[in-house]
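This briefing is meant for a reader who is meeting the structure for the first time. Please look over the sequence and the model before going on to the points below.

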Amino acid sequence: MTTRHLGFGLLGALVALALIGPLIEPLGPFKQTLLRALAGPDALAWFGYDHLGRSMFARLSQALRLSLTIAFAATATAAALGIFLGALASWRGGWLDRGLSLLADSVLALPALLMVLMMGVILPSTPLAFWAGLAAVQWIEFFRLTRSVARSQLASPAVEAARLQGFGPVWVFRRILWPEIGPMLRTATAFGVANAIAAIAALGFVSVGMRAPTPELGLMMVELLPSWREAPFALLQPVAACFALLLSLNLIAGGRE
Amino acid sequence: MLSRLSLAALIAALPALPALADPATLAIAAPFEIKAADPLLSGDIFLKLDVMETLVNSDATGALLPGLADRWSVSEDGLSWRFHIRPGVTFHDASPLTAEAAAAALTWSWKKEGILAKAPVAAITAEGEEVVITLKTAFAALPAFLAEYRTGILAPAAYGADGTVTALIGTGAFRVTVLEPPLRLEAVRFDGYWGGPAKLEAIHYAGVSRAETRALMAESGDAGLVVNLDPASVTRLASVKTVTVHSVSLPRVLLLKLNAAAPFFDTVAERRALSLAIDRAGLAQAVLRYPAAATQMFPPAAGAWHDPALAPLGYDPEAAKAAFAAAGWVPGPDGILQHDGQPFAVELLTYPDRPELPLTAAVLDQMLREVGIAVTINSTNSSEIPAKHAAGTLQMALFARNFALVPDPIGTLMQDYAPTGDWGAMGWDNPAFTAAVRKIAAEGGTAAEKAALSATLQADLPVVPIAWYQQTAAVSNSVKGIVIDPYERTFGLKSAEIVQ
Amino acid sequence: MTFALRTLAFRLLQAAGVALVVGVMSFLMMRAMPGDMAFRIAAARYGYDLASADLAEAVRTELNLDAGPLVLFGQWMADLARLDLGRSMVSGLPVWEEIAHQLGASLQLAAVALGLSLLIGPPLGIYAGLRAGGRFDRALLVAAAALRAVPQFLLGLVLIVVLAVQLRLLPAAGHGDISHLVLPALTLALGLAAASARIARDAMAAFAASPAHAFACTKGLSDGQVLLHHGLRAIAAPLLTYLGLQFVLLAEGVVVVETIFGWPGIGHALIHAVFHRDVPMVQGTALVMGLSFVLLNTLIDLAVRRIDPREVRA
Amino acid sequence: MTLLQAKDITVRTGAERLLDPVSLTLPAGRAVTVLGESGSGKSLLAQAILGTLPRGLVADGELRVGETKLDPARPQGSRALWGRQIAVLPQEPWLALDPLMTGHYQLAEVFDLVAADPRPGRRAKADLAELGLEGAGGKYPWQLSGGMAQRLAFAAARAGGARITVADEPTKGLDSDRRDDVLALLRRGLEGGGLLTITHDLTLAAGLGGEILVMQGGTVVERGPAERVLTAPEHPYTRALIAADPAHWPRPDPMPETAPLLRAEGFTVARDGRSLFAPLDFTLSPGQILAVAGPSGCGKSSLGNALLGLLPHQGRLWRDPALPKLAFQKLWQDPPAAFPARITLAEGLDDLLARHRIDRVRVAPLLDRLKLSPDLLARRPGAVSGGELQRIALLRALLLDPAVLFADEPTSRLDPVTQALTIRLMVEIGRESGMAMVIVSHDHALLEAISDRVIRLTPI
């Protein structure tokens with residue numbers, strides 16, 4: 001599927017920028033030279049300067065690194081939690097199944113933003129709050145996905161055959177459930193990471209996310225927004241980075257056969 | 001079935017012709033959010049929109065003028081003030097403004113921790129056409145306190161049984177028709193206004209939190225008056241032909257509050273060294289975009305409190321480093337100053353409600369690092385500053401202090417520097433200064449006495465002034481008579497009009 | 001009627017679940033109070049100029065904040081039982097009143113956005129679904145992914161600059177008559193349309209490949225008649241179910257759009273409530289948003305049941 | 001009067017030809033039936049004539065329906081005839097009817113839109129009554145039985161007034177005792193009209209009479225009047241096809257009654273409190289074949305599952321204590337579903353061998369015995385035919401030396417010849433290894449042909 005390869009390619013490039021950028025970049029994300037505020041690219045700052053004369057290239061690569069780490073961490077935790085509980089619920093069934101799905105539906109009813117905001121109040125550091133808040137919201141998608149697949153598989157003759165042939169639940173999970181859930185996981189993970197990044201940026205935009213001077217995509221957009229006429233090039237960078245990140249993930253997710 | 005559903009949605013969403021802004025309505029956009037119809041919470045907006053008025057007014061220089069009280073006098077011992085109520089004034093619900101109504105409104109504000117709670121008030125009564133306020137001790141600044149928005153006068157019908165304000169019934173030039181907190185207020189001309197009916201037929205107030213959106217509303221003509229523009233929009237709107245940008249300096253100062261009890265700032269030399277490390281001109285240009293570097297605590301707008309003869313605060317990082325070295329702060333391996341093992345690392349508190357504060361903090365962080373001070377910025381809720389002041393754990397805080405709460409800065413000085421205050425000095429003790437402030441508050445003071453106080457602040461530097469604020473507003477060229485008041489009390493809506 | 005009763009019973013349980021989750025989260029919020037709550041509320045009430053220790057003290061006594069979080073939590077649960085959400089600590093007004101005004105504005109915005117998105121998304125999705133695998137279909141996939149990737153506030157800004165400032169067609173921001181509604185609703189609708197286009201496309205492609213479609217054609221119906229009588233009905237159920245879930249995402253998009261367009265919505269109120277630690281307001285807003293989600297999905301369950309009465313769907 | 005004339009119809013995909021030239025004419029009042037197994041090209045012929053070939057396949061030849069001349073290479077042309085001159089009865093009608101619409105509406109719709117009848121509702125009600133479907137009007141397709149759905153689809157297909165009917169595998173997935181209803185239905189289509197039937201069901205072909213074409217590998221191997229072709233087949237494939245009909249199977253010699261493996265007294269199975277069938281008494285001894293028959297949904301599968309211990313039962317069930325748990329195995333109706341879909345057959349088998357430490361050397365001879373080539377194991381279940389997969393399932397069971405094998409409609413989805421081969425292998429191996437078998441099926445002829453005893457379940 002060409003769109004999926006396009007997506008992976010784009011994501012690869014951004015991850016590379018996030019990993020290698022900060023290492024090879026001379027100035028660092030915090031060094032200010034007020035005289036160079038909103039200036040164009042030069043030898044030291046390859047993407048130009050922001051409104052406080054800080055190197056855009058450094059801040060952009062750090063911001064990508066931050067957003068990607070939190071988003072992937074949150075989605076990975078959510079996936080692990082969701083899949084485990086989903087499989088457990090469908091395997092055990094009965095009150096455990098009903099209890100867990102009730103919990104899932106209750107949390108689903110609450111906007112993800114609220115969960116992250118509340119976690120922001122409960123947990124001291126913001127990245128931790130984002131990780132917990134986003135994981136607490138996203139595990140539901142994985143839970144429902146796994147549970148629906150598991151329920152249809154567990155009722156299938158293949159599982160009945162396994163039981164008759166003396167195989168245990170681990171074999172059933174490894175040989176029947178997991179290969180079935182695997183491909184769907186890619187789509188759900190890609191969408192999960194995309195939603196996480198969008199949420200971090202949105203909260204940064206309404207200035208309840210990361211705090212200055214941490215480089216974060218949403219916060220950078222907010223800080224550069226006022227000077228969008230003077231230096232449109234500066235504002236476009238975080239926007240383009242966020243757009244490219246979300247586009248690559250959507251293409252990866254959307255590229256189903 | 002589905003197609004019928006979406007068709008209905010289309011009809012509902014058909015944009016009616018954009019309501020042509022009927023000629024005599026002025027749309028105002030500002031960042032302030034109306035919390036409730038309660039003068040204590042949002043009185044400043046009601047005052048600015050000429051919906052509500054106070055007993056005493058003030059002009060652009062801070063001099064007091066008669067408001068709802070046309071004259072007032074004080075007894076010999078200064079303990080009993082008599083405010084004569086202007087005759088013929090009616091509230092918006094046509095009930096007359098009597099001394100009893102005014103006294104009731106002031107008592108309500110006094111009991112609800114309004115500004116009168118800061119004055120030594122003993123009792124507020126009404127005698128005939130006068131409101132009599134008896135004090136425990138003499139207090140010359142009382143009239144200035146009655147000009148503050150929290151002492152706004154509402155009709156008796158406005159106050160509910162349980163003490164909450166249920167309706168906004170003032171005496172101003174405009175009567176409120178729609179009040180939808182937090183972002184919308186609409187008022188129409190009150191023909192029975194004692195100062196003669198206004199020229200504008202109606203005003204629409206819209207609370208818009210984002211500065212960029214407000215700037216766009218000015219540019220697209222959606223708002224005739226846009227208040228509080230961010231620096232970048234000021235430069236851009238200057239080039240827009242249909243709009244003129246006004247800016248006036250305010251008695252509001254960008255301050256760096258220090259904990260004088262902390263080992264970093266306990267000597268004057270250390271505080272002076274810190275002040276020398278700050279390039280105020282560079283900072284003002286980069287962040288505030290107008291020449292606002294503070295040479296001393298009080299801006300020219302503060303009248304007698306501003307002493308042109310005072311030596312301005314300088315910028316000399318080398319001298320700052322030398323001064324710190326003299327005070328025993330030796331640079332460690334990582335360039336951070338140390339004094340018998342303790343690094344010069346401080347937490348700088350600030351809040352994001354005013355967009356320029358986090359930016360300034362980021363700039364200060366770098367400037368102080370040049371002289372070896374490690375700063376960690378904590379941009380959190382504004383209440384953290386008074387909370388940490390009370391707990392004694394505050395080290396450094398950056399905020400904008402408004403000296404125009406009461407037309408005469410003495411009100412704020414008394415709260416902040418006699419001897420300390422949540423938003424003023426901390427761990428600083430100067431009995432002479434405190435006594436002088438109290439004397440001026442009680443009996444008023446001469447220009448020389450005020451200048452002396454300014455000189456002490458300049459010398460002792462309990463807090464380090466950084467910049468003087470300017471109030472910016474964009475007014476559409478088709479609107480005449482708008483006033484930009486340095487004391488942020490009015491927009492001049494009473495006299496404004498729209499000319500095509 | 002058993003299905004309807006079962007749905008209602010399940011949704012009531014879910015509503016109770018929502019109330020419990022909100023309660024627990026708020027309890028945790030109150031207990032883990034970085035920075036003193038009284039100071040935060042004083043700052044929220046009187047603004048940063050006037051917030052001071054004694055004002056905070058007055059607030060603490062007025063709202064008896066010294067009572068432990070457990071007591072406050074118990075109080076809130078008792079009030080909730082009587083459907084009384086208490087008063088906002090900041091404005092002193094009853095929470096119901098504040099929410100009614102703000103939720104009303106948000107629901108109005110969400111409804112128009114949903115309506116607009118139904119006009120944009122599904123028609124494109126149907127056209128692509130009938131030509132699955134064709135050029136238009138692949139183009140729609142990339143366009144939808146791109147539209148979903150654009151941050152909503154940028155979309156809002158571009159719309160303001162083009163429609164309000166340049167063309168002066170619509171008011172840039174603010175809240176008043178219906179013309180203020182168009183730009184924010186359009187911003188939200190584009191994001192939603194990208195998602196509903198994909199759902200409609202997948203459902204239509206599945207229907208076009210199904211034996212029911214083949215038989216409808218061989219019965220003698222023209223393509224148009226097949227689409228009208230069978231196609232739309234086939235995609236209605238998945239689309240409606242998806243839109244139910246979209247409500248939650250809508251609530252988030254509304255927050256960003258509200259700040260850009262100065263729209264007094266529930267998202268805007270929610271952020272202030274959390275920022276100012278106005279816990280009753282947070283609890284009330286969260287509860288109302290959660291319950292409106294449950295209510296909407298109950299209605300959708302019943303509507304989908306009317307369209308597709310099969311008990312267990314894939 | 002010939003209603004339809006087709007000359008030298010061929011179907012190609014790119015260069016490869018899938019269907020050799022076939023010519024046939026549809027006279028009024030006389031059936032034409034195309035007989036053959038799946039993959040024989042019989043469906044391709046029908047689709048070429050109707051113009052419903054899937055994308056990528058191109059038809060050719062000459063076609064005339066009534067007076068209008070059609071070109072099979074351009075299928076759009078024949079669309080105008082659908083419903084109006086040619087009625088198409090789809091495979092598995094319970095899937096072809098729109099699941100979201102009541103039966104009445106789907107029928108009335110054709111009267112209204114195709115036949116432009118002034119009172120479509122009334123005509124539809126009358127049609128339904130005529131077919132004995134009075135109650136079915138208000139129901140949804142998934143609430144109807146297979147037979148009722150068949151009749152509804154038939155009515156809907158012909159509502160447009162078409163005189164030619166094309167029926168594609170009309171008996172597929174139906175209980176064998178519903179076959180006479182299908183026969184009556186198709187004969188109704190013959191009154192004054194033409195009928196082209198595609199099927200692999202010999203009894204149906206015999207009942208319809210008229211001309212029969214037998215197809216194999218994309219060519220017509222034999223054609224002629226039904227009586228001659230079915231009684232004196234000339235082509236070897238036709239003979240094999242007829243021999244595959246269970247009615248013609250030789251009866252296996254009966255098994256002696258030895259010590260029973262299991263004994264059931266007053267045995268029944270209950271589902272949510274209600275017992276499914278009247279209590280039974282029976283015994284099962286090694287090598288014996290016990291058949292279970294009855295209408296669909298009366299609990300045949302549940303009985304088998306209860307014997308294996310997969311479901312709780314009521315009444316007494318004695319199992320020989322010497323038998324290990326693994327001695328009870330099962331074959332399923334849909335072979336691909338009984339295997340882990342995403343791993344190869346070899347991997348599944350290796351897991352089994354490892355799990356029970358079975359010597360690998362036993363696999364090869366079993367493969368040979370079941371006529372399976374070893375390289376099949378390298379593929380995934382999805383890539384192997386139904387017949388071969390069921391025999392691999394049998395191999396998988398045999399490796400565990402089962403004493404009792406429950407076969408739940410093992411061959412209902414297979415073609416006749418493959419079904420005959422699979423059943424014969426199961427019976428022989430059962431006799432040789434002394435493995436007892438319980439077999440469930442709709443096909444009475446099949447059960448009669450192979451079982452020592454038949455239990456008929458009477459639903460309560």
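In which helix of chain A is A:A76 found? The model is a predicted one, and in it A:A76 belongs to helix 2 of chain A, which covers residues 56-92.

**A:A76 and the annotated spans of chain A**
- A:A76 counts as partly exposed because it has 15 C-beta neighbours inside 10 Å.
- Although A:A76 and A:V193 are 117 residues apart along the chain, their C-alpha atoms are separated by 9.0 Å.
- An unreviewed UniProt entry carries the annotation "transmembrane region" for residues 66-88, 100-122, 128-146, 190-212 and 232-253 of chain A.
- Residues 100-122 of chain A are 91% helix and 0% strand, with end C-alpha atoms that lie 24 Å apart.
- Residues 232-253 of chain A are 100% helix and 0% strand, and here the end C-alpha atoms are 31 Å apart.

**Where chain B meets chain A**
- The contact between these two chains involves 16 residues of chain B and 13 residues of chain A.
- On the side of chain B that touches chain A, at least two residues each are supplied by helix 5 (211-220), helix 6 (231-237), helix 8 (280-288), helix 10 (356-370) and strand 17 (374-379) of chain B.
- Helix 10 of chain B gives the most to that side, with 5 residues.
- Sorted by class, the side of chain B that touches chain A holds 9 nonpolar, 4 polar and 3 charged residues.

**Helix 10 of chain B**
- With 15 residues, helix 10 of chain B reaches 22 Å from its first C-alpha to its last, which is close to the 21 Å expected at 1.5 Å a residue.
- Among the buried residues of helix 10 of chain B are B:L357, B:L364, B:M367 and B:L368.
- The buried residues of helix 10 of chain B pack against strand 12 (243-258), helix 8, strand 16 (345-350), strand 17 and strand 18 (396-402) of chain B.
- Just after helix 10 of chain B comes B:G372, which takes a positive phi of about 100 degrees.

**Where chain C meets chain B**
- Here 49 residues of chain C are in contact with 49 residues of chain B.
- Several helices of chain C each supply at least two residues of the side that touches chain B, including helix 5 (95-130), helix 8 (179-208) and helix 10 (223-261).
- The largest share of the side of chain C that touches chain B, 7 residues, is the contribution of helix 2 of chain C.
- The residues on that side of chain C divide into 31 nonpolar, 12 polar and 6 charged.

**The two domains of chain D**
- Chain D is divided into domain 1 (2-247) and domain 2 (248-456), and the C-alpha centres of these domains lie 35 Å apart.
- Between the domains of chain D, 13 residues of domain 1 are in contact with 14 residues of domain 2.
- The side of domain 1 of chain D that touches domain 2 has 7 nonpolar, 3 polar and 3 charged residues.

**The largest nonpolar core**
- The largest nonpolar core has 502 residues, of which A:V116, A:I197, B:A102, C:A113, D:L152 and D:V404 touch the most other members.
- Helix 8 of chain C gives the most to this core, with 19 residues.
- Leaving aside neighbours within four places in sequence, B:A102 is in contact with B:L55, B:L68, B:I85, B:L97, B:V131 and B:I153.

Definitions and conventions:
Residues are numbered from 1 along each chain as its sequence is written. Chains are lettered from A and ligands numbered from 1 in the order in which they are written. This is a predicted model: local features need pLDDT of at least 70, side-chain atom pairs count only at pLDDT 80 or more; totals for chains, interfaces and linings use all residues. Helices (H or I, at least four residues) and strands (E, at least two) are DSSP runs, numbered from the N terminus. A residue is buried if 20 or more other C-beta atoms lie within 10 Å of its own, exposed if 12 or fewer, and partly exposed in between; C-beta atoms are placed from the backbone. Two residues are in contact if their C-beta atoms, placed from the backbone, lie within 7 Å. Ala, Val, Leu, Ile, Met, Phe, Trp, Tyr, Cys and Pro count as nonpolar, Asp, Glu, Lys and Arg as charged, and the others, Gly among them, as polar. UniProt positions are given in the numbering used here, feature names are shortened, and annotations may be inferred rather than shown by experiment. The expected span of a helix is 1.5 Å times one less than its number of residues. Domain bounds come from an automatic or database domain assignment. A nonpolar core is a set of buried Ala, Val, Leu, Ile, Met, Phe, Trp, Tyr and Cys residues joined through C-beta atoms within 7 Å.
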